[in-house]
Amino acid sequence: MATIFSRIVAGEIPSYKVAEDARFYAFLDINPLAKGHTLVIPKREVDYFFDLEDEEIAAMQVFAKKVAAAIKEAFPCIKVGQAVLGLEVPHAHIHLVPMQSEKDMLFTNPKLQLTPQEFKEIADRINACLAVD
Ligand code: AMP
């Protein structure tokens, strides 16, 4: 059975899309640690991040780098933090979180409650900051 993230890529489940190319997809985490918290996934369904092919990890990281730059521009922060957990959804993903302090990366923190309108505005704001290449 397809993972929830594959179903998002297929458009079967809605998401707040931030960026996409032929191989990767970026969308807002529905339980954000901070405004701009984004997930980057490969469209190819692989559970464990470190089971991805070497070249795939490299390409995914370059894709995430562009998304992180857009997040930082849209939501000014000290740095965008990156984390790989994967304990909940068995489809490899990178969390990108704008950080004002180290504490913003604590996944045990309470998550923000945002309205659909707020999610959409956040996704649009990041998308607008993506460099066109
Ligand atoms: P983990 O697998 O531990 O890295 O956590 C999975 C992350 O995916 C959590 O932060 C969830 O909030 C997020 N998540 C789960 N389902 C969705 C969804 N349908 N849309 C956006 N984010 C999701």
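How far is an oxygen atom of the ligand from an N or O atom in the side chain of Asn-31?

Reply: This is a predicted model, in which local features need pLDDT of at least 70 and side-chain atom pairs count only at pLDDT 80 or more, while totals for chains, interfaces and linings use all residues. Residues are numbered from 1 along each chain as its sequence is written, and side-chain values use heavy atoms, with hydrogens and water left out.

The distance from a ligand oxygen to an N or O atom in the side chain of Asn-31 is 2.8 Å, which falls under the term polar contact (a pair of N or O atoms within 3.5 Å). Likewise, a ligand oxygen is 2.6 Å from an N or O atom in the side chain of His-93, and a ligand oxygen lies 2.9 Å from a polar backbone atom of Glu-88. Taken alone, the ligand exposes 510 Å², of which the protein buries 88% (accessible areas from the Shrake-Rupley method with a 1.4 Å probe).

Around the ligand there are 16 residues, with Asp-29, Asn-31, Glu-88, His-93 and His-95 the closest, where a residue is counted if one of its heavy atoms lies within 4 Å. By class, this shell has 10 nonpolar, 4 polar and 2 charged residues, with Asp, Glu, Lys and Arg counted as charged and Gly among the polar ones. Helix H1 (4-9) and strand S2 (24-28) are the elements that give two or more residues to the shell, and H1 supplies the largest share, 3 residues; helices are DSSP runs (H or I) of at least four residues, and strands (E) of at least two.

Methods
Polar contact = N/O pair within 3.5 Å; in protein donor to acceptor, adjacent residues only side chain to side chain.
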